[in-house]
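The sequence and structure come first, and the description follows.

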Amino acid sequence: MRGHPVTFRFRLQATDGMARTGVIDTPRGEVRTPAFMPVGTAATVKAMLPGSVRETGADIVLGNTYHLMLRPTAERIAGLGGLHRFMNWERPILTDSGGFQVMSLAGLRKLTEEGVTFKSHIDGSRHELTPERSMEIQRLLGSDIVMCFDECPALPASDDEVARAMRLSMRWAERSKDAFGDRPGHALFGIMQGGVTQELREESARALVDIGFDGYAVGGLAVGEGQEAMFGVLDYAPGYLPTDKPRYLMGVGKPDDIVGAVKRGIDMMDCVLPSRSGRTGQVFTRHGVLNIKNARHQDDPRPLDDQCSCPACRGYSRAYLHHVFRSQEIISSMLLTWHNLHYYQQIMAGMRGAIAEGRFADWEAAFHKEREAGDIAPL
């Protein structure tokens, strides 16, 4: 409304067990939760137009601080009007802090109390990323949700190493908040660390809540520990976080990971899996995962999923999709990515409706039963 600008806030609308549904209000529009955020690493969701991403049901996308600071640079994007205008996506954007990519991609990195110095994986140029610089880059990009700068150690790691990284991340979280400053309409999320150790997770959560953030992420999972260990952490970790703020599980995941996370109280997720899988011929459907390159599809006139309304299923046969994938045609990546992202958003919409109506357990049981049945029989 005129005279009443929308600020960032989370409205919890219904719960069913630990599962929650609600709405995140931002000046650039609402984000319905549970929310899946497609990953637009370099200011694009690969093989998709922004309008197509929106048509799948996505309310928000993720951009990557590390990649954008190296190319084309945050300063260049700011000079061109900010990330929303640059990539033609006017709805909310969340940017990660760059910490995870520095640890996993950059060469010759050196970690100190101040931050991380590293060599670019693109051209070997030297850069420094600190909590203050991460906040500056994300401000230049103009993202709606900004993530604290943190250190994410790869698992398995010793308890001492996990504790050291977590406590450093908490000191960096405080510096991130100081550097973020007062930015009405923009949100800063803290990131809980602590590996798979409950005491460290609780210590991390307490530190973050004391600092005070607009939302809270559960970080340091989906880094090699396996689903059982991840769910073990999620059985208690969300409970350490405020109920009136969004909870974001970073970098997750497969469809059953997402359903299991929502069951345990998570509101937001992101993952490259649906888009990356689309480019490699892996297709997610109600009946589980199928591989379009398999010869069984080459004479099959049926769609990937006869109940799916995405363009790949409405207009094309398995035989055609098999052919264009085998021929390395660009339309293959486009159609399979669209299908996978659409399927993920259908899962989110299904969970939102089920939680609102108090039937999440029944929805979850039907979801697993349908997937366990496997793909339709070959012709």
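## Cavities and pockets

The structure holds two cavities of 30 Å³ or more. The model is a predicted one, in which local features need pLDDT of at least 70 and side-chain atom pairs count only at pLDDT 80 or more, while totals for chains, interfaces and linings use all residues. Residues are numbered from 1 along each chain as its sequence is written, and side-chain values use heavy atoms, with hydrogens and water left out.

On a 1 Å grid over the protein atoms alone, a cavity is a set of points where a 1.4 Å probe fits but cannot get out; a pocket is an open set with protein on both sides within 12 Å along at least five of seven lines; and lining residues have an atom within 4 Å of a point. Grid points are joined across faces, edges and corners, and a volume is the space filled by probe spheres set on the points.

| Space | Volume |
|---|---|
| Largest cavity | about 50 Å³ |
| Second largest cavity | about 30 Å³ |
| Largest pocket | about 990 Å³ |
| Second largest pocket | about 290 Å³ |

The lining of the largest cavity consists of Pro 153, Leu 155, Val 162, Met 166, Gln 193, Gly 194, Gly 195 and Gly 220. Four of these residues are nonpolar, four are polar and none is charged. In this division Ala, Val, Leu, Ile, Met, Phe, Trp, Tyr, Cys and Pro count as nonpolar, Asp, Glu, Lys and Arg as charged, and the others, Gly among them, as polar.

Around the second largest cavity stand Val 31, Arg 32, Ala 35, Phe 36, Gly 57, Asp 59, Ile 60, Gln 345 and Arg 352. This lining has four nonpolar, two polar and three charged residues. At least two lining residues come from each of β3 (29-33), β4 (35-38) and α14 (330-356); helices (H or I, at least four residues) and strands (E, at least two) are DSSP runs, numbered from the N terminus.

The largest pocket is lined by 43 residues, of which Phe 100, Gln 101, Gly 251, Asp 270 and Val 272 are the closest to its centre. Its lining divides into 17 nonpolar, 17 polar and nine charged residues. In the second largest pocket, α14 gives the most to the lining, with five residues.

## A helix contact

Helix α9 (residues 227-234) and helix α10 (residues 255-263) have axes that come within 10 Å and cross at roughly 15 degrees. α9 is therefore roughly parallel to α10, a term for angles under 35 degrees. Axes are lines fitted to C-alpha atoms, for helices over the stretch in contact, and angles run from 0 to 180 degrees between N-to-C directions. Gln 227, Met 230, Phe 231 and Leu 234 of α9 meet Asp 256, Asp 257, Gly 260 and Ala 261 of α10, where contact means heavy atoms within 4.5 Å.

## Backbone features

Most residues other than glycine have a negative phi, and most peptide bonds are trans. The peptide bond from Thr 33 to Pro 34 is cis, with omega near 0 degrees, and Pro 34 is placed in the loop between β3 and β4. Another cis peptide bond runs from Arg 71 to Pro 72, with omega near 10 degrees. Pro 72 belongs to the loop between α2 (65-70) and α3 (74-79). Thr 73, in the loop between α2 and α3, has a positive phi near 95 degrees.

Technical notes
Parallel < 35°, antiparallel > 145°, perpendicular 65-115°, else oblique.
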